[in-house]
Amino acid sequence: MKLTSILLAILSGILLWLGWPTYGFAGLLFVAFVPLLISERKLRLSDGKKIAGKVFLHSYLTFFIWNIATTYWLYFSTPFGMWFAVLVNTALMSLVFLGYHYLARKATQGAALTFLACLWISFERLHLDWDFSWPWLNLGNGFSETTSWIQWYEYTGTFGGSLWIWLVNIFIFIALLRFRESGLTTKRKFIIKRSIVLTAIVIVPILISQALVIDSISFQKGDGTNVVIVQPNIDPYEEKYYLTNDSIIQTIMSLAKPEMDQFTDLIITPETVLADDVRLNNLTQLKFHPTVLSVRQELYDYPNTNYLGGISIDEVFTDKRRATGQTNLFRDGRTLYNSYNSAMFLSASGSLGLYNKSKLVVGVENFPYKSILQPILGDAMLDLGGTVSTKTTQEDRTVFTAIDSTVVAPVICYESVYGEYVTDYVKNGAQILAIITNDAWWNDTQGHKQHLSLARLRAIENRRWIARSANTGISAIIDDRGAIKQSLGYEDQGVLKGTLLPKTELTFYTTHGDYIARIATVMGLFVLLFSIFRRGKMKRK
């Protein structure tokens, strides 16, 4: 039995891996948890010693396979960060499954499975909000390459996909248990009935999605925003941080100008493409900085064109009253600075707009729970990906209005992984989404492919077109159905020229956000308390 349980746990891990984008078939996610659920049940009914520990280890094996096989590419940016993310995330997933095991020992199978689905979705919600945020493997992301299946994300967001996966897995698991218990004369009828229901659970959402695709196609109309997206392909390890901003501006414009004309509305360049840190005493000084003036000069012959691109800024000061929890200290022990990973928006003569990246990469751009951990660990958490400072964020999602009146959202890199977070741009008026990123850290692996794929979900959730500029692939234009209309491959230097259709309507998901996760948390708590109370009442009897 021990070997069988281990093999089942391994099978679940392999199915989760092979079901994940961008190489897998998402349909495998509908059965991926079934072997692990069977493994847990075998262990629970074995009446052996230390069952909880065995359940934890078996589930750890499952989730370790899934995590390492799908996010190994983090190693190319930060070996320590990769192992930290894989081992800790695996442990957290295993604790969620262990919580299910404990309740399954005390409550009915149906209550325990309901609790498992709710607890898992609540865990995914936690991964969107806390300082150790890592929502890359949230289950709903698994359909990012099969967007024709999940057009209804405009109503549910990715948590609708997570719920769908758990519903199918739980249905199959319960059906297998009931099949073993049914008599020989009823098995044929049992299989037919369960097969019909299972087909409906899987197929009906896909049919609804197809209907929404047709409706979306019929809605396409109106004038567009003409964009030129630049992919400069600058090596972040060997070149990017050793080039001056002026030389990078020359590279960008030499690529963009052959594709520009009087109808070009927007030039989009990658995250931190201007990486030679701009040092200021105050952010208000930025509009007079030589880097900004150089960009304006390049736009002089294109008065109807806006520029949107990434820039690194350090705001240096000595007044301790200006310091926040994200402020850094120079080695002299006296000079303070705020470090910004920003999106800059400007035209030849118009005002300057700035947005500071606010969903930060754990360890690389922020120190999680800094006030608690820094006295213990020093700066160890920041020595993970080429940076030595915490980035300073902002509360609100800034949007920019272009000369053609199109309202643009500057979504910076990792922020594009967060569904409800991106809706804040749209609720602030964004009509198109501009994702600027630098995906060269992970080499030519699944990392940059998955990152692009996840952007397709944001397009569906908000019904917004996306212009994506990556430093070295994959830059793309994505329509509001999540379809990639144009793209530039990894390590290709060049530009994309295309037209995006601005939208103003708000989807149900844009308006209501991750309501499924909030309901799941309340429902999970209710099931837990009800099961405990019911068991206590039965004991008293």
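This is a predicted model: local features need pLDDT of at least 70, side-chain atom pairs count only at pLDDT 80 or more; totals for chains, interfaces and linings use all residues.

S9 belongs to an open sheet of six strands with mixed pairing. The order is S8-S9-S10-S11-S12-S13. At the edges sit strand S8, residues 400–401, and strand S13, residues 484–488, and each of these pairs on one side only. Strands of a sheet pair through backbone hydrogen bonds, and they may do so in parallel or antiparallel fashion.

S8 and S9 are antiparallel and share two bridges. In this pairing Phe400 faces Val408 of S9. The two strands form a hairpin with five residues between them, and Ser405 there has a positive phi near 75 degrees. Pro410 has Ala434 of S10 as its bridge partner.

Is Phe400 buried or exposed? Its relative accessibility is 4%, and the cut-off for buried is under 20%, so Phe400 counts as buried. Leaving aside residues up to four places away in sequence, Phe400 touches Leu308, Ala343, Phe345, Gly353, Leu354, Tyr355, Thr406, Val407, Val408 and Pro410. Leu346 is 54 residues away from Phe400 along the chain, yet their C-alpha atoms are separated by 9.2 Å.

Strand S12, residues 475–478, runs antiparallel to S13 and is joined to it by four bridges. Ile478 stands opposite Ile484 of S13, and Ser475 is the bridge partner of Leu488. S12 and S13 also form a hairpin, with five residues between the strands. In that turn Gly482 has a positive phi of about 85 degrees.

Helix H12, residues 419–427, touches strand S9 and strand S10 (432–437). The direction of H12 makes about 155 degrees with that of S9. Which residues of H12 are buried? They are Gly419, Tyr421, Val422, Thr423, Tyr425 and Val426. These buried residues pack against strand S7 (353–356), S9, S10, H13 and H14. After H12 comes Gly429, with a positive phi near 115 degrees. Helix H13, residues 446–462, lies across S10, strand S11 (466–470), S12 and S13. H13 runs at about 160 degrees to S11.

Glu505 sits in the loop between strand S14 (494–500) and helix H14 (508–512). With a relative accessible area of 41%, Glu505 is partly exposed. Gln285 is 220 residues from Glu505 along the chain, and the C-alpha atoms of the two are 36 Å apart.

Two packed helices are described by the angle between their axes and the distance between the axes. For helix H1 (residues 2–18) and helix H2 (residues 34–44), the axes come within 7 Å and cross at roughly 160 degrees. Angles over 145 degrees count as roughly antiparallel, and H1 and H2 are therefore roughly antiparallel to each other. The crossing of H1 and H2 is left-handed. From H1, the contact involves Thr4, Ser5, Leu8, Ala9, Leu11, Ser12 and Leu15. From H2, the contact involves Val34, Pro35, Leu36, Ile38, Ser39, Lys42 and Leu43. By class, this contact has nine nonpolar, four polar and one charged residues.

H2 also packs against helix H3, residues 51–71. Their axes come within 10 Å and cross at roughly 165 degrees. H2 and H3 are therefore roughly antiparallel as well. H2 passes H3 in a right-handed crossing. Leu36, Ser39, Glu40, Leu43 and Arg44 of H2 meet Ile51, Lys54, Val55, His58, Ser59, Thr62 and Phe63 of H3. This contact divides into five nonpolar, four polar and three charged residues.

Methods. Residues are numbered from 1 along each chain as its sequence is written. Side-chain values use heavy atoms; hydrogens and water are left out. Two strands pair if DSSP finds at least two bridges between them. Contact means heavy atoms within 4.5 Å. Axes are lines fitted to C-alpha atoms, for helices over the stretch in contact, and angles run from 0 to 180 degrees between N-to-C directions. Angles under 35 degrees count as roughly parallel, over 145 as roughly antiparallel, 65 to 115 as roughly perpendicular and the rest as oblique. A crossing is left-handed if the near helix is turned anticlockwise from the far one by less than a right angle, and right-handed if clockwise. Ala, Val, Leu, Ile, Met, Phe, Trp, Tyr, Cys and Pro count as nonpolar, Asp, Glu, Lys and Arg as charged, and the others, Gly among them, as polar. Buried means under 20% relative accessible area, exposed over 50%, partly exposed in between (1.4 Å probe, protein chains only).
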